[in-house]
Amino acid sequence: MGSNYFSHKTPNDLENGTPYTPLPDSGASPADHCRPIKALAGIFLSVLFLSLLIVLVLNQYPQPSPEVNANKPKISPSIQMLPEKLLPQSRGVAQGVSEKTFRDFSGEHAVYPWSNDMLAWQRTAFHFQPEKNWMNDPNGPLFYKGWYHIFYQYNPESPVWGNITWGHAVSKDMIHWLHLPFAMVPDKWFDANGVWTGSATILPDGRIVMLYTGATNNNVQVQNLAYPANLSDPLLLDWVKYADNPVLVPPPGILPKDFRDPTTAWITRDGKWRVAIGSKINTTGITLLYETTDFTSFELLDGVMHAVPGTGMWECVDFFPVSTSEENGLDTSFDGPGIKHVLKASLDDEKKDYYAIGTYDPINNTWTPDNPELDVGIGLRVDYGVYYASKTFYDQNKHRRISWGWIGETDYESDDVLKGWASVQNIPRTVVFDKKTGSNILQWPVEEVEKLRLNGTEFPGVELGPGSVVPLNIGSATQVDIVATFEVDKAALEAMTEIDVGYECSTSGAVARGTLGPFGLLVLSDESLSELTPVYFYISKDIDGSYKTFFCSDETRSSKAPSVNKRVYGGMVPVLEGEKFSMRLLVDHSIVESFAQGGRTVITSRIYPTRAIDGSARVFLFNNATGTSVTASLTIWQMDSAHIHQFPSDQM
């Protein structure tokens with residue numbers, strides 16, 4: 001379809017007002033628009049200066065004994081932040097996006113003398129990541145002519161954020177990947193400061209439209225249109241930016257840096273397409289809704305699709321239907337009985353992904369949560385760990401909805417410079433409605449990852465008394481897939497009279513002992529338990545006699561290095577009558593993805609051990625409860641590495 005893919009039109013004057021006047025294309029080359037980044041020497045000198053200046057020790061976490069059990073609960077102290085002058089340079093905020101440098105350190109800061117072996121070990125074996133440099137948000141995932149495509153925010157020049165370009169890779173199974181040339185670079189005035197997050201929409205006639213946010217030469221956020229130059233090319237190698245971009249500019253009342261990340265479009269019964277965009281008004285997070293027939297001119301619909309006060313800027317908004325009766329996923333435009341709609345937003349202020357389930361009204365252009373107490377930004381999390389900017393797409397190949405998310409680094413920026421890369425994407429997850437609870441989604445690793453399973457070892461009926469730790473002899477546990485169930489002594493559960501209302505993952509951790517927990521697995525542990533990461537359940541009894549179950553991942557003793565973040569992540573997980581406590585863990589070097597109760601609650605952890613690496617990494621079962629025994633049954637598979645490399649140039 002080439003240059004006639006879309007006719008050239010001038011974008012509509014939004015609501016009779018245009019707060020930003022587009023500038024003519026300057027015709028500059030991509031290099032003219034690349035933001036300067038610090039040279040490596042500058043970063044190393046800064047680190048040296050900091051290390052010589054001071055060794056700052058903050059309110060250290062109480063050091064427990066190597067054993068998991070403790071005599072009484074220990075509560076993590078409140079977190080104290082490093083002084084601003086000692087934190088890594090802020091990246092992204094001044095340009096109008098969320099903070100891209102990890103600065104939320106939970107302990108002392110001192111440069112750790114990483115060895116080459118330690119840094120090499122941190123690179124994952126079966127998660128998607130570029131060969132080098134910085135990556136963040138997943139963009140425009142789709143399935144086309146036999147290939148899964150992932151685009152992503154990428155800095156081709158450095159392992160720190162900046163010069164954002166669209167990386168591109170393809171796969172037949174979303175596990176083994178082939179890197180392709182860049183899809184888009186910041187070479188126009190309307191994206192001179194970054195080709196930011198976008199989404200793909202496949203039209204009924206087979207055309208593909210990609211709407212994405214561009215940061216203009218004046219750092220104004222605008223929405224742009226791009227499309228494949230050759231639809232007969234299954235690799236979608238060449239992309240054309242619409243000549244009359246931008247197609248959307250910030251409307252009146254919206255600040256120039258608060259207007260980004262268009263969703264996949266969905267079509268209404270009258271044949272018009274709608275697109276949602278994240279924004280805010282003061283501290284209220286909002287979703288704006290636009291209507292179009294041609295993706296070159298848009299109408300801003302009255303009001304907002306949804307708003308939640310106090311949640312701040314919404315970015316990377318996602319909106320999609322889920323079936324309340326079937327297991328399959330649904331196309332974004334599906335309209336019929338037996339569906340709910342999920343609204344998800346990435347909260348800029350918190351750097352967390354929240355979602356809620358509700359009802360979409362296409363007549364009034366609004367979405368309403370089923371439970372206002374679990375609204376977007378104040379209720380359920382997509383992932384309770386290190387996970388952000390998630391984006392789903394409908395896989396028409398296998399009739400399922402797939403979710404991608406950015407797993408950032410939680411170490412010091414200078415460490416990323418040393419290893420030469422930063423960030424990975426999660427193992428793609430299927431997303432369905434939880435028909436048993438009716439109140440949440442279920443996320444689960446795509447079935448294709450199971451092709452990497454090698455030899456499996458079963459451990460049936462392992463008895464765990466209070467305060468016990470049991471090693472699981474599988475050899476190295478650096479790349480494993482673990483499926484485990486736990487049964488709590490029923491008599492102990494019924495006999496529990498102690499009220500336990502104060503437990504929270506983030507403030508308690510695995511050393512805080514209760515009658516019915518914690519119990520679970522220790523992963524990425526060394527033989528002596530000097531480094532360990534507990535992933536566990538904790539059961540508490542409320543004042544009304546009901547039970548609450550927490551699912552947590554405790555990083556506080558995961559590494560001897562002081563310059564990495566070490567927190568306890570997690571939240572509550574529904575466990576229904578008759579269900580066993582179940583978890584699945586994907587351990588891949590410095591990544592642990594944990595799924596409880598079939599994916600009702602999910603936690604992603606970044607772990608940077610200094611001892612529990614390579615052949616020294618071990619797995620243990622543990623029960624740190626004081627009043628119950630637990631029976632565990634599990635299977636552990638060693639995992640093969642994925643093939644992730646450049647697409648052969650002679651085949652492109």
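The model is predicted, with local features needing pLDDT of at least 70 and side-chain atom pairs counting only at pLDDT 80 or more, while totals for chains, interfaces and linings use all residues. Residues are numbered from 1 along each chain as its sequence is written, and side-chain values use heavy atoms, with hydrogens and water left out.

Reader: In the six-strand sheet, what is the bridge partner of Leu522 in E36?
Author: This open sheet has the order E27-E36-E29-E30-E31-E32 with antiparallel pairing, and its edge strands are E27 (468-472) and E32 (568-572). From one strand to the next the twist averages 15 degrees, where axes are lines fitted to C-alpha atoms, for helices over the stretch in contact, and angles between N-to-C directions run from 0 to 180 degrees. Strands E29 (residues 516-525) and E36 (residues 618-623) pair over five bridges, and the partner of Leu522 in E36 is Phe620.

Reader: What is the handedness of the disulfide between Cys505 and Cys552?
Author: A disulfide is a pair of cysteine sulfur atoms within 2.5 Å, and the search of the whole structure finds one, with an S to S distance of 2.0 Å between Cys505 and Cys552. Because the torsion about the S-S bond is about -60 degrees, the disulfide is left-handed.

Reader: How many residues apart are the two cysteines of this pair, Cys505 and Cys552?
Author: Both ends are buried, a term for under 20% relative accessible area, with exposed meaning over 50% and partly exposed in between (1.4 Å probe, protein chains only): Cys505 has 2% and Cys552 has 0%. Cys505 lies in helix H5 (residues 505-508) and Cys552 in strand E31 (residues 547-554), so that the link spans distant parts of the chain, 47 residues apart.

Reader: Which residue forms a salt bridge with Arg260 at 2.8 Å?
Author: A salt bridge is a side-chain nitrogen of Lys or Arg within 4 Å of a carboxyl oxygen of Asp or Glu, and the count comes to 32. Arg260, buried at 1%, also meets Asp348 in a salt bridge at 3.1 Å, N to O, and Asp348 is buried as well. The partner at 2.8 Å, itself buried at 3%, is Glu315.

Reader: Is Lys419 buried or exposed?
Author: Lys419 belongs to helix H3 (residues 413-419). Leaving aside neighbours within four places in sequence, Lys419 is in contact, meaning heavy atoms within 4.5 Å, with Leu119, Gln122, Glu409, Asp411 and Tyr608. With a relative accessibility of 13%, Lys419 counts as buried.

Notes. Helix = DSSP H or I, 4+ residues; strand = E, 2+ residues; numbered from the N terminus. Pairing = 2+ DSSP bridges.
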